[in-house]
Amino acid sequence: MYIGELSKLSGASPKAIRLYESRGLLLDIERRGKYRVYNNKDVKFVKLIKDAQTLGVTLSELKQLLISRNELNWQSVIELLSKKQDEIDSQINSLILQNNKIEVYRDSIKKCLSNS
């Protein structure tokens, strides 16, 4: 299949697909003349790239996990996801603290306004 079909099936734009290839995430793509020819495994891998990005995984992080065409080092993926989850937990804790401070300040301001 050509890039337009890959785009339709994966949900990634042709521009994104070309970016993935230029970043070394899509390897050894067959060519017929000037056209790239993709297969069903490429569709699955492009979907995986898109899903990983929604989890906060960068293209360069994905590149480091790549061991061959459309294949990742899954043990390293687990480690990276654990790291991402720890980062998210830390952000959640920071946001909870920030939210609590906002509530304290808001209540304090309300009290000041009601005493005036």
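Me: Leaving aside its neighbours within four places in sequence, with which residues is leucine 48 in contact?

Reply: The model is a predicted one. Leucine 48 lies in helix α3. Once the neighbours within four places in sequence are set aside, the contacts of leucine 48 are Leu72 and Trp74.

Me: Is leucine 48 buried, partly exposed or exposed?

Reply: Buried requires under 20% relative accessible area, and exposed requires over 50%. The relative accessible area of leucine 48 is 26%. Leucine 48 is therefore partly exposed.

Me: How far apart in space are leucine 48 and glutamate 103, C-alpha to C-alpha?

Reply: In sequence, leucine 48 and glutamate 103 are 55 residues apart. In space, their C-alpha to C-alpha separation is 40 Å.

Me: Which residues does leucine 62 touch, not counting residues up to four places away in sequence?

Reply: Not counting residues up to four places away in sequence, leucine 62 touches Leu25, Ile49, Ala52, Val57 and Leu72.

Me: How are α1 and α2 oriented to each other?

Reply: The axes of α1 and α2 come within 9 Å and cross at roughly 100 degrees. Angles of 65 to 115 degrees count as roughly perpendicular. The two helices, α1 and α2, are therefore roughly perpendicular.

Me: Which residues make the contact of α1 with α2, and how do they divide into nonpolar, polar and charged?

Reply: From α1 come Ile3, Leu6, Ser7 and Ser10, and from α2 come Pro14, Ile17 and Arg18. The residues of this contact of α1 with α2 divide into four nonpolar, two polar and one charged.

Me: What is the handedness of the crossing of α1 and α3?

Reply: Helix α1 (residues 3-10) and helix α3 (residues 40-54) have axes that come within 9 Å and cross at roughly 55 degrees. That angle makes α1 oblique to α3. The crossing of α1 and α3 is right-handed.

Me: How do the residues of the contact of α1 with α3 divide into nonpolar, polar and charged?

Reply: On α1 the contact is made by Leu6, Leu9 and Ser10, and on α3 by Asp42, Val43, Val46, Lys47 and Lys50. The residues of the contact of α1 with α3 divide into four nonpolar, one polar and three charged.

Conventions
Residues are numbered from 1 along each chain as its sequence is written. This is a predicted model: local features need pLDDT of at least 70, side-chain atom pairs count only at pLDDT 80 or more; totals for chains, interfaces and linings use all residues. Side-chain values use heavy atoms; hydrogens and water are left out. Axes are lines fitted to C-alpha atoms, for helices over the stretch in contact, and angles run from 0 to 180 degrees between N-to-C directions. Helices (H or I, at least four residues) and strands (E, at least two) are DSSP runs, numbered from the N terminus. Angles under 35 degrees count as roughly parallel, over 145 as roughly antiparallel, 65 to 115 as roughly perpendicular and the rest as oblique. A crossing is left-handed if the near helix is turned anticlockwise from the far one by less than a right angle, and right-handed if clockwise. Contact means heavy atoms within 4.5 Å. Ala, Val, Leu, Ile, Met, Phe, Trp, Tyr, Cys and Pro count as nonpolar, Asp, Glu, Lys and Arg as charged, and the others, Gly among them, as polar. Buried means under 20% relative accessible area, exposed over 50%, partly exposed in between (1.4 Å probe, protein chains only).
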